[in-house]
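Grab the model and work through these exercises with it open.

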Amino acid sequence: YLITLTDITKMTVEKKNTEKKAYIDSLTGVKNRNKFVECFNEEITRANRYKHNLSIAILDIDHFKNFNDSYGHLIGDEVLQMIAKSIDSSVRSNDVFARWGGEEFVLLFPETSLVDAVITSNMLRKKVQELNHETAGKVTMSFGVCEYKEHDTIESLFKRCDDLLYKAKANGRNRVECV
């Protein structure tokens, strides 16, 4: 008989590091677009199978370009990190919060009606409004929130949410708009 033992600790660590690079935004430490899309597709399947509610929000930092132009990109990065940490620590463990790109974030609310997603979004908006960066000062965010409808694709759902986000911006910013 021959027994071979292999220490897989290094392989396990490397696997976790690779997954982190693939699914975590390196600047903010929250999930990235890749992970969000993966979770979104899983949740659409569940919503269709079990007829559960599913809502989504697109969040955008108001006047973010001003932070970068006035204080530099390092301060802009700090603002992104501050907001991401605040929101990520405030959502349920089964919600999926991710950085979509630039100053835009997305939030997936599994098994959540539009009404409840709007309530949570308003709570998060107020929480962000209370933040104060030591250099950049106060920060606000606008939200577009909508609910998944049967046969929606990620594109159709995002289009509706994005339109609502632009409506929130046009209506004065620091607000939540929904259908």
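**Exercise 1.** Which residues do ring pairs link into a cluster?

First, the ground rules: this is a predicted model, where local features need pLDDT of at least 70, side-chain atom pairs count only at pLDDT 80 or more, and totals for chains, interfaces and linings use all residues. Residues are numbered from 1 along each chain as its sequence is written, and side-chain values use heavy atoms, with hydrogens and water left out.

Step 1: rings of Phe, Tyr and Trp (its six-membered ring) pair if their centres lie within 6.5 Å; planes under 30 degrees apart are stacked, over 60 edge-to-face, and the rest tilted.

Step 2: searching the whole structure turns up 7 aromatic pairs. In one of them, Phe36 and Trp100, the centres are 5.8 Å apart and the planes at 85°, so we call it edge-to-face.

Step 3: this pair links distant parts of the chain, as Phe36 is in helix 2 (residues 33–50) and Trp100 in strand 2 (residues 96–101), 64 residues apart. Helices (H or I, at least four residues) and strands (E, at least two) are DSSP runs, numbered from the N terminus.

Solution: the cluster is made of Phe36, Phe40, Trp100 and Phe158.

**Exercise 2.** Are the rings of Phe97 and Phe105 stacked or edge-to-face?

Step 1: their centres sit 5.3 Å apart. Step 2: the planes are at 15°, so the pair is stacked. Step 3: check burial, where buried means under 20% relative accessible area, exposed over 50%, and partly exposed in between (1.4 Å probe, protein chains only). Phe97 and Phe105 are both buried, and Phe36 and Trp100 are buried too.

**Exercise 3.** What span should helix 4 (residues 73–88) have?

Step 1: the expected span is 1.5 Å times one less than the number of residues. Step 2: with 16 residues, helix 4 should span 22 Å. Step 3: its end C-alpha atoms lie 22 Å apart, which agrees.

Now pick out the buried residues of helix 4: they are Ile75, Gly76, Val79, Leu80, Ile83, Ala84, Ser86 and Ile87. For reading that list, remember that an α-helix has 3.6 residues a turn, so residues three or four places apart point the same way.

**Exercise 4.** Is Glu42 buried or partly exposed?

Step 1: find Glu42 in helix 2. Step 2: its relative accessible area is 45%, so Glu42 is partly exposed. Step 3: for a sense of distance, Glu42 and Thr6 are 36 residues apart in sequence and 35 Å apart in space, C-alpha to C-alpha.
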